[in-house]
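I opened the notebook to record what I looked up in this model. The entries follow the order in which I checked things.

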Amino acid sequence: MTDHAVRPARARDLPLLAAIEDSGLAMFEAVLGDLAGDALASPAVSGHVRAAGPGFLLVAGDPAVGFAHVRDLESHAHLDQVSVHPDHARRGVGAALLEAAAQRATLKGHGSLTLTTYADIAWNAPFYARHGFVEFAEDDPRTASQLAISEEEERLGLSRHGRRIWMRRVLRPHRTTDEIAGFLPTIDASPRDVGTLRAVVRRPGPGGREVLDVGHLDVTEGLVGDTWSERGSRRTPDGSPHPDMQLNLMNHRLVEFLAQDPAREQLAGDQMFVDLDLSHAHLPAWSELHIGGPDGAVIVVTDQPHNGCGKFIARFGKDALAFVNGPEGKPRRLRGLCARVVRPGPVRPGDEVRVVRPPAAPPA
């Protein structure tokens, strides 16, 4: 492989990439027949366009004879394209590009690498399966970006040539059901009356995360600078942001355990991580959380459920999603809880979080 060494793409490589991708048309026509006028025969995207988006480009050879383009999506890395010129096929170039892409995505902190492909073309799904990719199950939730990719493929008519599938390669081993169950005693030992704020994370845009040294809670905006106010809700009649879902809180012990790397904890998507028992039994709806002392900010726990989704699978695995939404996870609010601000103020990691529960209802 010394003559096809994989390296990051440079500016001089970019004009070559479209021609490399276009050169693969003959292979598809040998299997699918004449593709004149078909989306598969459309001119490839230029290397400059690929390089302009979030993600990275790798090339093999100098001059380049193959490339891999990986996009950074909101919850994982996505292999948008891997192409090798037919003159250099069957020499391990594609495999080398694939392994280098997986390694680079891992170093960037991604937990998985996904792709879409044809299920029954030899150099598509069977090739990827040999390199650790597994087809999505039918009931696997899809993220918004994954749904958009599938919708675009359908619009282009790619499925007319065969079944299109999603595949995923796990880059970091996720916690198993048994491991999570074994961790429950640690979660159950979380403080019940006075806990600690461990992290404040602002979401400035889709997929964006900013870990804050100090956050500012506002009755109208929630966490100032966060995009809660721009996120519609299916739980409101008009689709507007739900006022009782301004904030999402998650137990820090659990996210630390699932993430296995401090840099990945923020991927959970919640704005606040606390060392505190969040279970329904010890933190009923309408409890207040006083943060930062008697004069600090106050938030109230609401009755809105906070459930895992496709993004949670991409970040922490199917076992984790099933567990937090299951009979052990739901009562403990392992996926977290929803809250809204009732008194504004600054919040900082290390702040005390004191629970003030609502008065008990009088006997019937």
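Entry 1: I began with E10 and E17, which run antiparallel and are joined by three bridges. The labels H and E stand for DSSP runs numbered from the N terminus, helices (H or I) having at least four residues and strands (E) at least two. Two strands are said to pair if DSSP finds at least two bridges between them. I noted that the model is predicted: local features need pLDDT of at least 70, side-chain atom pairs count only at pLDDT 80 or more, and totals for chains, interfaces and linings use all residues. Residues are numbered from 1 along each chain as its sequence is written, and side-chain values use heavy atoms, with hydrogens and water left out.

A hairpin of three residues leads from E10 to E11.

What is the order of the three strands in the open sheet? I wrote down E11-E10-E17, with antiparallel pairing. The edge strands are E11 (222-223) and E17 (345-347), each pairing on one side only.

Gly 215 and Leu 217 make up the covered face, while His 216 and Asp 218 make up the uncovered one.

**Entry 2: strand E7.** E7 covers residues 164-170 and is mostly covered, with five of its seven residues buried. Buried means under 20% relative accessible area, exposed means over 50%, and partly exposed lies in between (1.4 Å probe, protein chains only). I found seven bridges between E7 and E5 (residues 112-118), which pair in the antiparallel sense. For Glu 135 the bridge partner in E7 is Met 167.

Leaving aside neighbours within four places in sequence, I listed its contacts, among them Ser 112, Thr 114, Phe 133, Asp 140 and Ile 313. Contact means heavy atoms within 4.5 Å.

**Entry 3: two single residues.** I looked up Glu 154, which is found in helix H6 (residues 144-156). Glu 154 has a relative accessible area of 54%, so Glu 154 is exposed. From Glu 154 to Arg 164, 10 residues apart along the chain, the C-alpha atoms are separated by 9.4 Å.

Next I went to Cys 309, in the loop between strand E15 (297-301) and helix H9 (310-316). Cys 309 counts as partly exposed because its relative accessibility is 37%. Apart from neighbours within four places in sequence, Cys 309 is in contact with Pro 141 and Leu 321. Its C-alpha atom is separated by 25 Å from that of Leu 212, 97 residues apart along the chain.

**Entry 4: helices H7 and H8.** At what angle do H7 (residues 177-188) and H8 (residues 252-259) pack? I read off about 150 degrees, with the axes 10 Å apart. Axes are lines fitted to C-alpha atoms, for helices over the stretch in contact, and angles run from 0 to 180 degrees between N-to-C directions. H7 and H8 are therefore roughly antiparallel, a term for angles over 145 degrees. From H7, Glu 179, Ile 180, Phe 183, Thr 186 and Ile 187 meet Arg 253, Leu 254, Phe 257 and Leu 258 in H8.

I also checked how covered H8 is: six of its eight residues are buried. They are His 252, Leu 254, Val 255, Phe 257, Leu 258 and Ala 259. These buried residues pack against several elements, including H7, strand E8 (194-202) and helix H10 (318-324).

**Entry 5: the whole chain.** I counted 11 helices and 18 strands in the chain. Of its 364 residues, 49% count as buried. The C-alpha trace spans about 80 × 45 × 40 Å along its principal axes. Among contacts between residues at least 6 apart in sequence, 72% join residues at least 24 apart.

Note on methods. Parallel < 35°, antiparallel > 145°, perpendicular 65-115°, else oblique.
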